[in-house]
Amino acid sequence: MQTIHTIAALRQALAGRAATSFVPTMGNLHEGHLALVREAARQGEPVVASIFVNRLQFAPHEDFDRYPRTLARDCELLAGAGCDIVFAPDEREFYPQPQTYAVRPDPALADILEGEFRPGFFGGVCTVVLKLFACVQPAVAVFGKKDYQQWKVVGRMVEQFALPIRIVGGETVRAEDGLALSSRNGYLTLDERSGCRAR
């Protein structure tokens, strides 16, 4: 498995490959992510996974600075799951200048549910995903249905921009206690975790 940190090196590694499958992540991976990688491998090879904590989708009061960054462990897990290339740019590489061009998703889809409580979140998601698509140029991209609204918002973006990418939804993976796996579950106390399961 290759770990690549620049856009130029990624494009060189993928030159001439038309069937790339892609799984975008922010790292701190768990079995849910690895299931998406295995699904991507069924769709076509090589499999590329990105690890990038995207500042654009965090509000000022949210956890951008303390979001867990576990690249070495993540790469070990991805190698075991069948990933071929990890694209892990730093922020200066991915946003060498302020990202003043941005995607504005359909408010009817993006400003409800999670979007109602996190204004601008899906705009940040769509902007980074579109830029990652431009870098990877995948034939297939796999998104988890755990983040159902995100999956639908990205799918609509691909339709509206006529991108030649098939969006595949991966099924939700749950812990033994029934809680959907999430990179932020480590923030929960036992009582909070129990409350999440009860909902």
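Is Cys-75 buried or exposed? Cys-75 counts as buried, because its relative accessibility is 12%, where buried means under 20% relative accessible area, exposed over 50% and partly exposed in between (1.4 Å probe, protein chains only). This is a predicted model, in which local features need pLDDT of at least 70, side-chain atom pairs count only at pLDDT 80 or more, and totals for chains, interfaces and linings use all residues. Residues are numbered from 1 along each chain as its sequence is written, and side-chain values use heavy atoms, with hydrogens and water left out.

**Cysteines**

- The whole structure contains zero disulfides, a disulfide being a pair of cysteine sulfur atoms within 2.5 Å.
- Cys-75 takes part in no disulfide, and the nearest cysteine sulfur, in Cys-83, lies 8.3 Å away.
- Cys-83 is likewise buried, because its relative accessibility is 5%.

**Packing of H2 and H3**

- Helices here are DSSP runs (H or I, at least four residues), numbered from the N terminus.
- Helix H2 (residues 31-43) packs with helix H3 (residues 71-81) at an angle of about 40°, and their axes are 9 Å apart.
- Axes are lines fitted to C-alpha atoms over the stretch in contact, and angles run from 0 to 180 degrees between N-to-C directions.
- H2 and H3 are therefore oblique to each other, a class left after roughly parallel (under 35 degrees), roughly antiparallel (over 145) and roughly perpendicular (65 to 115).
- Leu-34, Val-37 and Arg-38 of H2 meet Leu-77, Leu-78 and Ala-81 of H3, contact meaning heavy atoms within 4.5 Å.

Conventions. Helices (H or I, at least four residues) and strands (E, at least two) are DSSP runs, numbered from the N terminus.
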